[in-house]
Amino acid sequence: MQDVVEKVYEQVVARNRGEAEFHQAVREVLESLDPVIAKHPHYADDALLERIVEPERQVIFRVPWVDDAGAVHVNRGFRVEFNSALGPYKGGLRFHPSVNVGIIKFLGFEQVFKNALTAQGIGGGKGGSDFDPHGRSDAEVMRFCQSFMTELSRHIGPSTDVPAGDIGVGGREIGYLFGQYKRLRNAYDAGVLTGKGLAWGGSLVRTEATGYGTVLFAQSMLATRGQTLEGKTVAVSGAGNVAIYAIEKAQKLGAKPITFSDSSGYVVDEAGVDLELLKQVKEVERGRVKDYVERRPGARLVTQGRVWDVPVDVALPCATQNELDGANAATLLKNGCAVVSEGANMPSTPEAVEAFQSAGILYAPGKASNAGGVATSALEMEQNAGRTRWDFATAEAKLDAIMTDIHDSCVAAAEEYGRPGDYVLGANAAGFTRVADVMIAHGIV
Ligand code: NDP
């Protein structure tokens with residue numbers, strides 16, 4: 001990295017000790033900025049780089065709640081409002097025991113550039129809690145959400161900060177969070193949260209958007225080489241919102257997804273994933289992947305190794321950060337995988353990214369390929385503001401156009417800075433310059 005950029009990175013490490021994921025996300029972006037700063041040195045003026053890596057605001061709060069047996073628990077809540085140059089802070093809430101401030105900061109930092117790529121007028125933020133919803137009753141999840149929102153409500157609003165879902169936060173949680181917000185504010189501010197139910201301000205296609213967008217991005221990358229997804233085998237990790245709709249879209253485009261996973265192991269279904277059964281097990285029953293295998297002849301559950309051991313043409317990591325390391329990347333490449341489109345945030349380690357890029361395969365970083373979710377959240381905000389509702393086809397056409405635009409912006413930026421086909425450079429450079437130009441226009445704030 002250039003000296004000026006390296007210095008900023010060293011400051012980030014020194015000031016944010018122990019936040020490994022945040023360091024990793026910052027390093028990946030800063031490394032990409034070398035050719036950008038070389039061509040446009042003014043981006044390093046007025047401590048712009050130092051400002052862009054520092055969140056505008058970070059809130060950490062106590063979340064006390066009572067379980068069904070009457071025992072009191074205390075979790076920690078977070079909201080990191082990272083950058084509001086382009087619009088209200090926007091980004092999901094994650095409920096998972098691994099959540100800490102470094103993870104929320106990495107996600108918030110990624111979100112800033114992702115949201116810029118969507119061109120939807122949204123800033124970047126992220127939040128969540130170390131609460132684990134697994135195995136909790138609906139009543140317990142509701143009480144937790146109500147306590148969490150009691151504090152969060154002081155910091156959010158339709159023009160200030162608009163959270164959504166992420167790992168462990170789906171339609172049920174957004175419902176409880178919205179109910180408590182409405183009660184506290186005595187106002188029906190539908191635009192304060194996205195991912196809402198269709199009967200109370202949600203948008204058609206929001207549920208599908210992240211997974212669909214990830215597959216659309218893979219399709220756009222393949223088109224640059226005159227290929228399509230038709231007939232290709234696909235490995236998907238995760239079995240949550242993003243994974244399920246990535247599988248659905250891949251099937252619609254003629255590909256054959258043969259895997260999915262959760263933290264208990266991965267499933268290989270050589271006949272092709274039975275999507276209805278997967279939805280029944282995961283979305284309706286909130287079950288584990290073994291429940292699918294028990295009802296699906298020919299499918300097998302593997303509890304050793306990773307889903308990336310399965311030979312496929314296309315890999316779609318849709319579970320969590322750093323789930324695909326250098327060794328997994330080497331295995332995928334050895335087995336002939338030629339496309340990786342990330343549905344999760346930062347699922348590939350730096351070693352894996354390096355391996356994909358050196359091999360010259362089509363590799364899309366999550367901040368570009370999974371941006372369809374937040375883009376559709378912005379469409380939900382737009383509908384809420386206009387008190388209107390679009391039909392599925394209208395919302396889907398907008399998602400398709402946004403994903404094509406993000407893809408093309410990445411391609412153009414990679415070409416402009418001398419590395420055609422490098423989607424990491426393309427996404428980071430295009431996202432960064434959009435945010436940086438507006439930060440410059442707003443002065444030192
Ligand atoms: P869900 O909670 O719906 O699903 C997450 C899935 O990943 C589950 O199957 C879960 O298994 C698995 N998983 C999570 N953490 C781990 C872990 N540490 N080890 C192994 N498996 C794990 O979340 P989403 O599908 O919404 O999110 C998945 C990824 O996509 C995340 O990286 C998220 O940040 C990203 N993303 C999501 C967007 C959205 O619109 N929802 C938008 C953009 C990105 P288990 O149940 O066993 O924990």
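Visitor: Is the crossing of α7 and α14 left-handed or right-handed?
Guide: This is a predicted model, in which local features need pLDDT of at least 70, side-chain atom pairs count only at pLDDT 80 or more, and totals for chains, interfaces and linings use all residues. Residues are numbered from 1 along each chain as its sequence is written, and side-chain values use heavy atoms, with hydrogens and water left out. A crossing is left-handed if the near helix is turned anticlockwise from the far one by less than a right angle, and right-handed if clockwise. For α7 and α14 the crossing is right-handed.

Visitor: How are α7 and α14 oriented to each other?
Guide: Helices (H or I, at least four residues) and strands (E, at least two) are DSSP runs, numbered from the N terminus. Axes are lines fitted to C-alpha atoms, for helices over the stretch in contact, and angles run from 0 to 180 degrees between N-to-C directions. Helix α7 (residues 206–223) and helix α14 (residues 372–385) have axes 7 Å apart and pack at an angle of about 150°. Angles under 35 degrees count as roughly parallel, over 145 as roughly antiparallel, 65 to 115 as roughly perpendicular and the rest as oblique, so α7 and α14 are roughly antiparallel.

Visitor: Which residues of α7 make the contact?
Guide: Contact means heavy atoms within 4.5 Å. On the α14 side the contact is made by G372, G373, V374, T376, S377 and E380, and on the α7 side by R206, A209 and T210.

Visitor: Which are the edge strands of the sheet that has β1 and β5?
Guide: Two strands pair if DSSP finds at least two bridges between them. Five strands form an open, mixed sheet in the order β1-β2-β4-β3-β5. Pairing on one side only marks the edge strands, β1 (57–66) and β5 (161–164).

Visitor: In β4, which residue is the bridge partner of F95?
Guide: Strand β3 (residues 89–95) and strand β4 (residues 124–129) pair in the parallel sense over three bridges. The partner of F95 in β4 is S129.

Visitor: Which strands does helix α4 touch?
Guide: Helix α4 (residues 101–118) packs on the sheet, and its direction makes about 150° with that of β4. The strands touched are β1, β2 (72–83), β3 and β4.
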